[in-house]
Amino acid sequence: MKSPKRIIAIEEAFWIPGTREMYKPEAAQWLDRVSKGLLGDIAEGRLRRMDETGIDVQVLSHVQPGPQGFDWETAFRFARESNDWLGEIVKQYPERFFGFAALPTQDPVAAADELERTVKNFGFRGALINGHTQGHYLDEKPFWVIFERAQALDVPIYIHPAGLPQPVMDAYFKDYPQLSNAAWGWAIDTGSHLLRIICSGLFDAYPKAKVIVGHMGELIPFHVKRIQRGLRQGAPMKRTVPEYLHDNVFITTSGVFEHASLACALSTIGIDNVIFSVDDPFADNAEAVSFLRTAPLSENDREKLAHANAERILKI
């Protein structure tokens, strides 16, 4: 199969020096283990892994929970330090790395200001927010200022999974914690998060706002028609779920390298709204690129998935 002309991956994680000491010990140890100790490997080591598999560009974002896991004062300091650090990496390797900002969502106005600072000062391509902020989700009205600012800047907000709220853990996963993360819980939580945003009317208030979710759409593409049928009564939306998905939502392939899943996503959301991602260093670059190269796509659609959609949406 012919390789695409360029490969851009946009959900690629790192952590800044000192993160291991700031995160809860069990969380830091788990992240270190599942990432094979590569979260701090920016520059030469990461570039070598990219070159070995033909990945030209990564859009980097700080690993979860990021600022969402701290109190306000710590979150603000952590977001600034993370963004300043990433800004230097982007400046040092302008052809290989771009950035998504970390935002202190405990104060939505400050988060919007930090988004604007990073876009204007560092050329960041948007922001990545890790799930809920102490149990509060982005559909709640106080957070809408972030989307208002993102729309004005013409950049997307990437919603990434993080640890579930304790009531959810207690209700569903108390006896099955192994199901609470990437196996099942994260997809349910992040998919629900996106559906809450759609149902809230946020995209009606900000019709040019753009949201990205990973992992082949966090299960939503598999249930679009059923979701729409269930929302026929009582949801205060001006458009249908498929219309919001087409106009405001983009999904990535991060961590889901299955052609059947891709076919489902393409049939419900369309090739123009799907972007290649790996989820490096948690997923394997070689497996992801092999999936991309062997996907049953036309040459034009393969180029869209590999790089053209990212170039259009993120202005790379």
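View 1. Glu116, with a relative accessibility of 22%, counts as partly exposed, a class that lies between buried (under 20% relative accessible area) and exposed (over 50%), judged with a 1.4 Å probe and protein chains only. Lys120, by contrast, is exposed, its relative accessible area being 58%. The two side chains meet in a salt bridge with an N to O distance of 2.6 Å, the term standing for a side-chain nitrogen of Lys or Arg within 4 Å of a carboxyl oxygen of Asp or Glu. Lys120 and Glu116 are 4 residues apart in helix α5 (residues 108-122), and therefore about one helical turn separates them; helices are DSSP runs of H or I with at least four residues, strands are runs of E with at least two, and both are numbered from the N terminus. The model is predicted, so that local features need pLDDT of at least 70 and side-chain atom pairs count only at pLDDT 80 or more, whereas totals for chains, interfaces and linings use all residues. Residues are numbered from 1 along each chain as its sequence is written, and side-chain values use heavy atoms, with hydrogens and water left out.

**View 2. The salt bridge between Lys315 and Asp154.** The side chains of Lys315 and Asp154 come together in a salt bridge, 2.6 Å from N to O. This pair links distant parts of the chain, 161 residues apart, since Lys315 lies in the segment after α14 (299-314) and Asp154 in the loop between α6 (144-153) and β5 (157-160). Lys315 is partly exposed at a relative accessible area of 45%, and Asp154 is also partly exposed, at 33% relative accessibility.

View 3. Within the Asp280 and Arg49 salt bridge, the closest N and O atoms are 2.9 Å apart. Because Asp280 lies in the loop between β8 (274-275) and α13 (285-294) while Arg49 belongs to helix α3 (residues 44-53), the pair ties together parts that are 231 residues apart in sequence. Both Asp280 and Arg49 are buried. The structure as a whole holds 18 salt bridges.

View 4. Lys225, Arg226, Arg229 and Arg232 form a positive surface patch, where patches take residues with over 30% relative accessible area and no salt bridge, joining like charges within 9 Å and nonpolar side chains (Val, Leu, Ile, Met, Phe, Trp, Tyr) within 5 Å. Arg232 sits in the loop between α10 (224-230) and α11 (241-248), and Arg232 counts as exposed because its relative accessibility is 64%.

Methods:
Areas by Shrake-Rupley, 256 points an atom, 1.4 Å probe, with all protein chains shown as cover. Lys, Arg positive; Asp, Glu negative; His and termini not counted. Charge placed at Lys NZ, Arg CZ, Asp CG, Glu CD.
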